[in-house]
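Q: Please pick one part of this model and take a close look at it. Then follow its backbone theme elsewhere in the chain.
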Amino acid sequence: MGIQLLFVFSWVIFSMRKRSVNELRELKLYVWNADMSDRVPVSVAPASQSDFKATKDWQTKWTSAAAKEMPNKVALHRTDDGELLGLMSYEIDHGALAVEIIYIESAAHSNANLLHAAGGNKKYIGVARALIAYAAKASVDAGFDGVLFFKAKTDELRKYYAGVWRDAGRPL
């Protein structure tokens with residue numbers, strides 16, 4: 001039921017209120033450590049084979065045939081030590097004048113679904129938010145004013161992202 005809801009977000013409203021489009025083009029990404037005491041600078045780059053191999057304990061095996069078929073796979077890494085924090089696949093949709101997020105996942109150490117089942121706590125907060133911000137930047141770079149969309153996999157994720165975007169512009 002929840003996966004049928006299609007999210008469409010426009011960063012134009014947010015970026016015009018809080019940032020200029022030029023600032024979005026020069027996006028400086030970060031996540032927070034679990035206790036929210038430190039910002040951790042991160043960067044996004046095309047995902048590598050070593051990134052995919054590092055997903056053996058993730059929800060999704062990014063070495064699977066289905067994952068290999070996903071377009072534009074990017075990896076989120078800490079800038080200081082290169083630790084892999086998340087992966088995302090996206091597609092530039094010229095027909096919809098938007099970027100579609102095909103799939104997004106946090107590393108096992110920060111994946112709420114995996115940690116809930118094991119009773120653990122996230123190592124980092126804001127992994128998905130950083131990847132979504134990168135997708136918004138890709139939309140701006142493509143001339144789509146930051147418009148992006150995706151389908152939530154679960155009802156819980158739909159509710160979570162609805163809250164994230166309702167609160168856009170507020171600090172984590």
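A: A residue is buried when its relative accessible area is under 20%, exposed when over 50%, and partly exposed in between (1.4 Å probe, protein chains only). Helices (H or I, at least four residues) and strands (E, at least two) are DSSP runs, numbered from the N terminus. The model is predicted, so local features need pLDDT of at least 70 and side-chain atom pairs pLDDT 80 or more, while totals for chains, interfaces and linings use all residues. Numbering starts from 1 along each chain as its sequence is written, and side-chain values use heavy atoms, without hydrogens or water.

The part is helix 6, residues 127-141. Of its 15 residues, 12 are buried, so the rest of the structure largely encloses this helix. The buried set includes Val 127, Leu 131, Ile 132 and Val 140. Lys 137 and Ser 139 are also among the buried residues.

Its length checks out. The expected span is 1.5 Å times one less than the number of residues. For helix 6 that gives 21 Å, and the end C-alpha atoms are 21 Å apart, which agrees.

After helix 6 comes Gly 143, with a positive phi near 90 degrees. Most residues other than glycine have a negative phi. Met 36 is not a glycine, yet its phi is positive, about 65 degrees. Met 36 sits in the loop between strand 2 (30-33) and strand 3 (39-46). It is partly exposed, at 30% relative accessibility. Leu 97, also not a glycine, has a positive phi of about 55 degrees. The loop holding Leu 97 runs between strand 5 (84-93) and strand 6 (98-106).
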